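This report concerns the sequence and the structure shown below. It is written to be read alongside both.

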Amino acid sequence: TALGMPDMNWYRDWQKFHLFRTLYSSAEQPFLSFHDSRDGQPLLPTPFLDAEVVPAPASRTIHSERELQLLQGRMSGKSFAEITRKVNFENDGQARRFLQQRFGPNYNFPITGLEAYRRCPFRYYVERVLKLSPLPEPEFAVDARQWGTIVHDVLSLLYQNGPVPLSQLAEAAGRALQTVLARVDLPVFWQQVTRRVFDNLLPRFAEREAELRKAGFSPARIESKLQGRVTDDILVQGRLDRIDESASACRILDYKTGTTAGISATAVLENRTHIQLPLYAYLLSQVSGFRSKRVENVGIYSLQDIRVYWLADKVPLQQLIEAAIQTTVQTVQAIRAGYFPADPAPKQLCRSCPLSFTCGHQQHQTST
């Protein structure tokens with residue numbers, strides 16, 4: 001409080017100010033309402049109002065354009081899923097020619113983009129073909145993507161000059177964090193939160209790094225760009241978060257600040273998703289400087305529980321690579337054919353999809 005940073009009293013006064021400004025500056029008498037619950041949790045009305053029952057309006061009142069559209073939808077008697085159609089240009093010659101030209105043999109497919117198509121073709125179509133995105137809702141918090149960028153940048157700086165002695169890891173990480181925070185646009189309050197989170201993670205991070213080095217591997221390359229052909233007419237590219245090397249082998253690590261649920265060898269072989277790491281292993285094996293070293297394993301480095309999840313512990317890496325290449329060919333063929341159905345591979349992705357209001361898939365799943 002003495003430093004002028006936001007605290008609970010500050011938030012309370014800030015919310016109270018905006019509430020009473022709305023009440024007393026409105027040209028007409030405002031009508032206040034609130035949801036009964038959010039994410040299954042009950043909500044209470046604002047404590048700044050007297051505990052009086054607000055009389056119900058005499059007639060149905062539309063307060064926004066969104067509510068009007070919802071009302072019109074209910075009156076039509078049809079669900080959103082019934083009036084939407086699959087995005088499929090397989091019978092549209094003009095669209096297919098455009099897609100085959102745009103995504104032709106010389107188009108450099110980002111591997112993360114192929115992953116995105118495997119998760120949901122329709123979302124790939126909206127975001128990467130049409131290049132559309134919904135306007136984000138403002139919130140006073142650190143965006144998950146921004147947090148992931150901060151973590152990646154810190155770890156990139158930490159090992160940009162090679163391995164750091166474990167005894168100096170905490171000090172070097174602190175310097176890297178300070179450098180990253182100096183160039184990102186974060187309020188002072190969230191900078192302090194970020195520093196505290198890093199302080200809490202560092203001891204476990206140091207333990208995990210010690211285990212990796214005990215196995216004979218040390219960080220060798222960070223943020224390495226890769227590019228190569230999977231087939232004669234499919235060119236892909238990607239960026240490796242980290243490559244660890246020993247005297248005769250190397251390992252590929254991909255940092256993840258979010259959930260690692262579902263990332264496994266089974267996902268690559270059976271679900272035909274999470275092809276990123278096997279493709280990286282294939283591309284790395286084609287690089288002249290690494291041909292003398294075999295890619296021993298590929299893994300997800302979770303920065304939530306500070307743990308490495310290896311994909312090729314129980315399944316040969318070559319088998320994962322072959323499955324990933326086959327999936328890549330199928331995916332590129334579907335993109336060039338203009339096939340973008342709203343049929344995501346992991347169905348639970350719909351719950352957090354910012355485009356779920358556009359395709360009708362989530363409403364259809366709920367109704368059935």
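The model is a predicted one.

## Strand pairing

Strand β7 (residues 249-256) is mostly covered, with seven of its eight residues buried. Strand β6 (residues 234-245) pairs with β7 in the antiparallel sense through four bridges. The two strands form a hairpin, and three residues lie between them. Within this pairing, Asp244 has Arg251 of β7 as its bridge partner.

Strand β8 (residues 294-302) runs parallel to β7, and eight bridges join the two.

The bridges of each pair are collected in the table.

| Strand pair | Sense | Bridges |
|---|---|---|
| β6 and β7 | antiparallel | four bridges |
| β7 and β8 | parallel | eight bridges |

## Salt bridges among the strands

The count of salt bridges in the model comes to eleven.

The side chains of Arg242 and Asp244 form a salt bridge with an N to O distance of 2.8 Å. Arg242 counts as buried because its relative accessibility is 0%. Asp244 likewise counts as buried, at 1% relative accessibility.

A salt bridge also joins the side chains of Glu296 and Arg251, at 2.8 Å from N to O. Because Glu296 belongs to strand β8 and Arg251 to strand β7, this pair ties together parts that are 45 residues apart in sequence. Glu296 is partly exposed, with a relative accessible area of 27%, whereas Arg251 counts as buried at 14% relative accessibility.

Glu296 takes part in a further salt bridge with Arg294, where the N to O distance is 3.8 Å. Arg294 counts as exposed, since its relative accessibility is 51%. Salt bridges that share partners also join Glu209, Arg242 and Asp244 into one network.

## Helices α5 and α6

Helix α5 (residues 111-119) is mostly covered, and seven of its nine residues are buried. The buried positions are Ile111, Gly113, Leu114, Glu115, Ala116, Tyr117 and Arg118. What do the buried residues of α5 pack against? Their surroundings include strands and helices: β4 (108-110), β6 and β10 (339-340), together with α6 (121-129), α11 (276-286) and α12.

In helix α6, the buried residues are Pro121, Phe122, Tyr124, Tyr125, Val126 and Val129. Just after α6, Lys131 takes a positive phi of about 60°.

## Helix contacts of α12

The axes of α11 and α12 come within 8 Å of each other and cross at roughly 105°. These two helices are therefore roughly perpendicular to each other. On the α11 side the contact involves Pro278, Leu279, Ala281 and Tyr282, which meet Leu317, Leu320, Ile321, Ala324, Ile325 and Thr328 of α12. The residues of this contact divide into nine nonpolar, one polar and no charged.

Helix α12 (residues 317-337) also meets helix α4 (residues 93-102), and their axes come within 7 Å and cross at roughly 135°. That angle makes α4 oblique to α12. Arg96, Leu99 and Gln100 of α4 make the contact with Ile335, Arg336 and Ala337 of α12. How do the residues of the contact of α4 with α12 divide into nonpolar, polar and charged? Three are nonpolar, one is polar and two are charged.

Key:
Residues numbered from 1 in each chain as written. Predicted model: local features only at pLDDT ≥ 70, side-chain atom pairs only at ≥ 80, totals over all residues. Heavy atoms only, no water. Axes fitted to C-alpha atoms, helices over the stretch in contact; angles between N-to-C directions. Parallel < 35°, antiparallel > 145°, perpendicular 65-115°, else oblique. Contact = heavy atoms within 4.5 Å. Nonpolar A, V, L, I, M, F, W, Y, C, P; charged D, E, K, R; others polar. Buried < 20%, exposed > 50% of the residue type's maximum accessible area, 1.4 Å probe, protein only. Pairing = 2+ DSSP bridges. Salt bridge = Lys/Arg side-chain N within 4 Å of Asp/Glu carboxyl O.
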